[in-house]
Amino acid sequence: MEKLRIVFMGTPEFAVGILDTIIKNNYNIVGVITAADKPAGRGQKIKYSAVKEYALENNLILLQPTNLKDESFLEKLKVLNANLQIVVAFRMLPEVVWKMPKFGTFNLHASLLPNYRGAAPINWAIINGDTKTGVTTFFIDDKIDTGAMILSSETAIASDENAGQLHDRLMQLGSETVLETLALIEKGKVTTIIQKENIKIKTAYKLNKENCKIDWTKSAIEIYNLIRGLSPYPSAWCFISDKNEEWNVKIHEAIMTLEEHNYAIGSLICSKKEIKIAVKDGFIQVLTIQFPGKKKMSIGELLNGINFSDEARAY
C-alpha cells in the first residue's frame, strides 16, 4: 500500500486535538492549511488560529490562503504532493482542492450525519435537548457536510453536560474515528454510505446574537438547554433591568427547578446567596453570570456588590 502523505486543514482547538493525534500515531503530515490571521479583541491585535500555533510549535509546513482558488495557493498545494487531505472545522473547499489528492479528501464532523450539518453541531445538539450525538467521517463533495459517510461513532449526552465538556469528549472520539478511517484508507478497505435526505434532518445553524438570546417565555428545560448548549462560548445572554438601570448579561451556568408559582415571567427572586428567574413552569437558578466589561462571577460574588429590588426583571 502506498504511504499516506497528508495535508491537514483546520482552524480551532477542536482541529488541533485531531492533528496532534494523527502526528503522534506516526502519520506523515506534509502540510497544514489554516485560516489567515485576523485582528481580535478590544485591542484588535493579530490573532493566530489554534492550528497555526500548533503548526509553528511543531515545525510543520503552513499555508494560510485567503482565496482557495488562487493559482499561487493551488501551485503550493500541488508541490506538497499529498495523496490524502483531512479537513476538521475549516471551510468549504472548491472542487479543484478536494479532488486534488489520489485518495480524496475526508472531513471529520462533530455530529451523527446527516443531522447537524453546519457550523455549530455540538451546541445545537445540546440546545435541542438531544440525548446522543457523535462524530462522522465522510468524503467531501460540492455541498456542505453531505458527502458519502465512511465511519460514525456515537456517544450519550449527559443531562447536565455543557458544550465545552461535550466538545472535549468529541475531540477524543473524533481522534479515534479519524485513526480508524486512516487505517481503512491505508488498507484499501473503505466502504461508504450515501447520506439520506429527509425533512426531519436537524441543522446546526451558525450562532449569532439573535439565536443566543434567552427567551424567558419558553419552558425551563428549553432555557436550561440553551444556557448549557452555549457554555462556555459564545454564552447565552439577556437583559436584566432594575429601577432605571439595564444590563446586557451573559449567563454561563444555571440549574432549573420545575415548580408552580405566581411570579411574573422574568421576575428575579433574590436572597443573600442566590438568584432565581421565574419562567412559566418553574425557575432558572443562575450560578455564574457576566456583566458588561466584567469577568464572569458566581452569584455569591455578584450579590456582594449589588442589591436587586423587587422590580428587577430579566427579558
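These legends go with a set of views of one predicted protein model. Residue numbers start at 1 along each chain as its sequence is written, and side-chain values rest on heavy atoms, with hydrogens and water left out. Since this is a prediction, local features need pLDDT of at least 70 and side-chain atom pairs count only at pLDDT 80 or more, while totals for chains, interfaces and linings use all residues.

**View 1. The whole chain.** The protein chain has 8 helices and 18 strands (DSSP runs numbered from the N terminus: H or I of at least four residues for helices, E of at least two for strands). Its C-alpha trace spans about 70 × 45 × 30 Å along the principal axes. Of its 315 residues, 50% count as buried (under 20% relative accessible area, 1.4 Å probe, protein chains only).

**View 2. The largest nonpolar core.** This core holds 76 residues (buried Ala, Val, Leu, Ile, Met, Phe, Trp, Tyr and Cys joined through side-chain atoms within 4.5 Å). Ile22, Ile86, Leu182, Trp216, Ile251, Ile289 and Phe308 touch the most other members.

**View 3. Around Ile289.** Leaving aside residues up to four places away in sequence, Ile289 is in contact (heavy atoms within 4.5 Å) with Ile240, Val249, Lys250, Ile251 and His252, plus Lys295, Lys296, Met297, Ile299 and Leu302.

**View 4. The largest pocket.** About 1,700 Å³ of space lies in here. A pocket is an open set of points on a 1 Å grid over the protein atoms alone, where a 1.4 Å probe fits, with protein on both sides within 12 Å along at least five of seven lines; lining residues have an atom within 4 Å of a point. The volume is the space filled by probe spheres set on the points, which are joined across faces, edges and corners. Of the 44 lining residues, Thr11, Pro12, Ala89, Phe90 and Ala119 are the closest to the centre. Elements giving two or more residues to the lining are β3 (38-40), β6 (84-88), β7 (105-109), α5 (121-127) and α6.

**View 5. The second largest pocket.** Here there's about 250 Å³ of space. Of the 14 residues in the lining, Trp124, Ile127, Lys218, Glu222 and Leu226 lie nearest the centre. Helices α5 and α7 (220-229) each supply at least two lining residues, and α7 gives the largest share, 4 residues.
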